Amino acid sequence: MSTVAAGAIGRLEKKLRVSAELVFDTGWRIGSGRAGQTSDLGVLLDAAGRPVLPGSSLKGRLRNTCESLASALGLTACLLNHDASGVRCVSDVSWFSRVREAHRDAITQGVQAQLDWINNNTCHVCRLFGSPVQAARLRCADGMLKTSPLGLIRVRDGVVLDRDSHTAVDELKYDYECVSPETRFDLVIDVHNPAPEDEALLGAAIFEWAAGSSLGGFTSRGLGRFHLEQIEVRGTDFSDPAQRKQYLLGRTPQDRLQPLGDWQAYFQDKIDQRLSSIRG
Ligand SMILES: [Zn+2]
């Protein structure tokens, strides 16, 4: 299967970067899938024993947030299920199998025909987060731990509840690891060649995360609450020669991008533009 690279024809023309501090308000856990050193269910740690916040977990959660906000912005979200959402999108494997032939035809008609076909057959969320026929344009880096890693891992007791009586089943007690509240990570989200609707959707998600959301396992038990602080937006637009030059000559990743001012004003504007375009 042919996959179209990020951007119109793979070329970087614009870039948007959101950076922030992600602060956990409660304990949290992203499971390792194995037993921990002192518990039945371990948390994901790096080689130095520090808790890890993988970019894939952040991106998955951001995708969920965008899915839940899309309709308020007049945007489509397939939820990876055409039957449930009613949205035609190639990310639903069973729906894609029905249109695979048309996709093959579009590929033979050149890049523009292929891109048009993809846009007509991909929901707005998958255009940003990627689909089987198009690379993601949004990337989340792994979180960079800002807190001292000493003493961060705690062990809690869990019980298996009897479904009928809602009481603990005595012999089915277990314990699990979680990471302490107040853990802080640096967060970086990059979008290549964002369309106006991408910025409105991402902006709405950043507003939600700034107010507070949840991430990781056992959120129904109150784990994983977080919010964002120190939010910054930066970007570059290669159609402006000065910005192109700064991008090429900047000494640090942050230096290469222009500050875009107050994040709330920036995204408020994108969201307002989107809302007035659907009203009109
Ligand atoms: Zn989709």
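Helices (H or I, at least four residues) and strands (E, at least two) are DSSP runs, numbered from the N terminus. By this convention, the protein chain contains eight helices and nine strands. The structure is a predicted model, in which local features need pLDDT of at least 70 and side-chain atom pairs count only at pLDDT 80 or more, while totals for chains, interfaces and linings use all residues. Residues are numbered from 1 along each chain as its sequence is written.

## Confidence and overall form

The predictor's confidence in each residue is given as pLDDT, from 0 to 100. The protein chain has a mean pLDDT of 90, and 91% of its residues reach 70 or more. Over residues 5–9 pLDDT stays under 50. Where pLDDT is low, the predicted coordinates should not be read in detail. Two residues are in contact if their C-beta atoms, placed from the backbone, lie within 7 Å. For residues 5–9 the model has 13 contacts beyond four places in sequence.

The C-alpha trace of the protein chain spans about 65 × 50 × 40 Å along its principal axes. A residue is buried if 20 or more other C-beta atoms lie within 10 Å of its own, exposed if 12 or fewer, and partly exposed in between, with C-beta atoms placed from the backbone. Of the 280 residues of the protein chain, 34% count as buried. Among contacts between residues at least 6 apart in sequence, 70% join residues at least 24 apart.

## Two domains

Domain bounds come from an automatic or database domain assignment. The protein chain is divided into domain 1, which covers 7–77 + 123–279, and domain 2, which covers 78–122. Between the C-alpha centres of domain 1 and domain 2 lies a distance of 27 Å. At their boundary, 12 residues of domain 1 are in contact with 13 residues of domain 2. The side of domain 1 that touches domain 2 is made up of seven nonpolar, three polar and two charged residues. In this grouping Ala, Val, Leu, Ile, Met, Phe, Trp, Tyr, Cys and Pro count as nonpolar, Asp, Glu, Lys and Arg as charged, and the others, Gly among them, as polar.

## Helix H3

Helix H3 (residues 93–108) has 16 residues and reaches 22 Å from its first C-alpha to its last, close to the 22 Å expected at 1.5 Å a residue. The expected span of a helix is 1.5 Å times one less than its number of residues. A kink of about 55 degrees in H3 is centred on Val99. The bend at a residue is the angle between axes fitted to the seven residues ending there and the seven starting there. Of the 16 residues of H3, the number buried is one, so H3 lies largely in the open. Gly110 follows H3 and has a positive phi, near 100 degrees.

Trp95 is found in helix H3. With 19 other C-beta atoms within 10 Å, Trp95 is partly exposed. Not counting residues up to four places away in sequence, Trp95 touches His82, Arg88 and Cys89.

## Positive phi in two loops

Leu79 has a phi near 55 degrees, a positive value in a residue other than glycine. This residue, Leu79, is placed in the loop between helix H1 (55–69) and helix H2 (82–85). Leu79 is buried, with 20 other C-beta atoms within 10 Å.

Phe218 also has a positive value of phi, near 60 degrees, in a residue other than glycine. Its place is in the loop between strand S7 (213–214) and strand S8 (225–237). Phe218 is partly exposed, with 18 other C-beta atoms within 10 Å.

## Separations in sequence and space

| Pair | Apart along the chain | C-alpha distance |
|---|---|---|
| Ser56 and Arg139 | 83 residues | 8.8 Å |
| Trp95 and Glu177 | 82 residues | 40 Å |
| Ser277 and Ser71 | 206 residues | 14 Å |
| Ser32 and Leu145 | 113 residues | 17 Å |

Ser56 lies in helix H1 and counts as exposed, with 10 C-beta neighbours inside 10 Å. Ser277 is placed in helix H8 (residues 263–279) and is partly exposed, with 13 other C-beta atoms within 10 Å. Ser32 lies in the loop between strand S1 (14–24) and H1. Ser32 is partly exposed, with 14 other C-beta atoms within 10 Å. Leaving aside neighbours within four places in sequence, Ser32 is in contact with Gly42, Val43, Leu44 and Leu45.
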